[in-house]
Amino acid sequence: MSLEPLALASLMALAWTAAAIVAHFALFGLGRVERRSRALVLLFVAAALGEAATCVALGVDGARTLCGMVLIACAFILYMPLYYTVAASFSARMLLDLAAAPGGLSREALAGRYPAPAIVAGRLETLCRAGYLRRDGECFALTGKGVLTARGFASVKRVWRLGAGG
Amino acid sequence: MKGLVLAAAGSLVLAAAITVLLRTARTERRVDALLRLFVVSLPVFIAVYLFTPADLGMLPASLVDGRLAGVLYGVAVYAALFLGGWLQLYNLAERGFSLRILIDIDEHPARAMTRAELLRGYGAGRGIDWMVAKRVDGLVSEGFAELHADRLVPTSRGQRAASLFATARAALRLPA
């Protein structure tokens with residue numbers, strides 16, 4: 001039984017996505033990765049290239065190959081937020097704190113584990129490293145990339161009437 | 001190819017519906033409302049796929065796919081565009097900590113803030129403690145934790161999620 005091209009490209013995309021996720025766990029679990037976001041992006045780019053190469057080798061036409069690569073892009077936009085929830089979400093870390101404390105924690109004790117000055121200092125450092133902020137003496141100012149991001153999301157908030165948020 | 005075209009077009013229609021919903025609905029549980037909207041839209045998407053011409057009146061014969069593969073592919077892309085696209089955009093805009101810092105600095109008259117100003121002015125003047133309290137309240141309102149004699153304890157749902165997070169964090173060797 002032969003599969004039609006779209007089904008074949010989709011199955012290959014599933015296989016390459018699974019390979020990217022396995023490689024993510026293997027690379028992060030076994031090695032020391034400094035730039036984690038970039039490494040994860042590169043793994044999915046490699047998966048998309050692998051998809052293209054496999055489709056060419058299997059004689060799948062260009063349009064269905066593109067469809068397969070789109071599926072890998074879809075997997076990427078689903079996987080990245082999942083990863084960041086596990087890696088960086090305050091709520092996830094609070095939940096881990098609660099689960100590790102026999103009998104739970106009072107609201108004050110839980111909140112006390114997240115001292116405001118340390119949280120802000122850590123995030124400002126991350127934003128500077130990522131090129132969204134620059135230090136100007138005691139102040140932090142937006143870079144061009146930071147202005148674009150801030151105004152883009154401020155517009156989304158206005159259109160969707162989301163309020164201050166954060 | 002029809003699946004991809006309809007998924008892209010359907011996603012734009014869904015974005016318009018999301019905008020109307022967010023601008024008019026008065027519900028506190030907006031994520032639930034967005035998810036319900038998506039679930040309701042799925043059968044509509046499938047019906048549009050099944051009841052429109054295989055070539056959409058414009059695709060060349062070489063780009064026409066089988067019905068089953070086409071509809072499954074279209075649903076996968078449509079779902080990913082909602083869950084990884086619009087819903088994530090909403091989550092980032094509504095809850096993003098880093099984004100809020102960037103917006104606070106951009107809206108400050110000096111377009112620059114010290115660390116102390118950010119601590120006080122975070123979230124359009126609510127302060128950083130508000131952000132922490134919001135996350136704590138969120139754990140309760142979303143059913144991950146409950147109050148027992150003034151202590152927060154994880155619910156069974158919270159325990160399962162915590163166990164999953166702990167396993168993934170250990171496997172990925174994420175710092176504590």
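What span should the 14 residues of helix α6 (residues 128–141) of chain B have at 1.5 Å a residue, and how far apart are its end C-alpha atoms? I looked this up and found that the helix should span 20 Å, and that its end C-alpha atoms are 20 Å apart, which agrees. The expected span is 1.5 Å times one less than the number of residues, and I take helices (H or I, at least four residues) and strands (E, at least two) as DSSP runs numbered from the N terminus.

I note that this is a predicted model, in which local features need pLDDT of at least 70 and side-chain atom pairs count only at pLDDT 80 or more, while totals for chains, interfaces and linings use all residues. Residues are numbered from 1 along each chain as its sequence is written, and chains are lettered from A in the order in which they are written.

Confidence: I read a mean pLDDT of 91 for chain B, with 99% of its residues at 70 or more, pLDDT being the predictor's confidence in each residue from 0 to 100. The model scores ipTM 0.84 and pTM 0.86.

Back to α6(B): I found B:Ile128, B:Met131, B:Val132, B:Arg135, B:Val136 and B:Leu139 buried, where buried means 20 or more other C-beta atoms within 10 Å, exposed 12 or fewer, and partly exposed in between, with C-beta atoms placed from the backbone. They cover an arc of only 135° around the axis (taken from the directions from the helix axis to the C-beta atoms), which puts them on the same side of α6(B). The face turned away from that buried side carries the exposed residues B:Asp137 and B:Ser141.

Partners: the buried residues of α6(B) pack against elements of both chains, including α4 (90–100) of chain A and β2 (145–148) of chain B.

Interface: I see 73 residues of chain B in contact with 64 residues of chain A, contact meaning that C-beta atoms, placed from the backbone, lie within 7 Å. Helix α3 (residues 67–95) of chain B gives the largest share of the side that touches chain A, 15 residues. Strand β2 (residues 139–142) of chain A pairs with strand β1 (residues 112–114) of chain B in the antiparallel sense over 3 bridges, where pairing needs at least two DSSP bridges, and A:Cys139 stands opposite B:Thr114.

Backbone: I checked B:Arg111, in the loop between α4 and β1 of chain B, and its phi is near 55°, a positive value in a residue other than glycine.

Definitions and conventions: Two residues are in contact if their C-beta atoms, placed from the backbone, lie within 7 Å.
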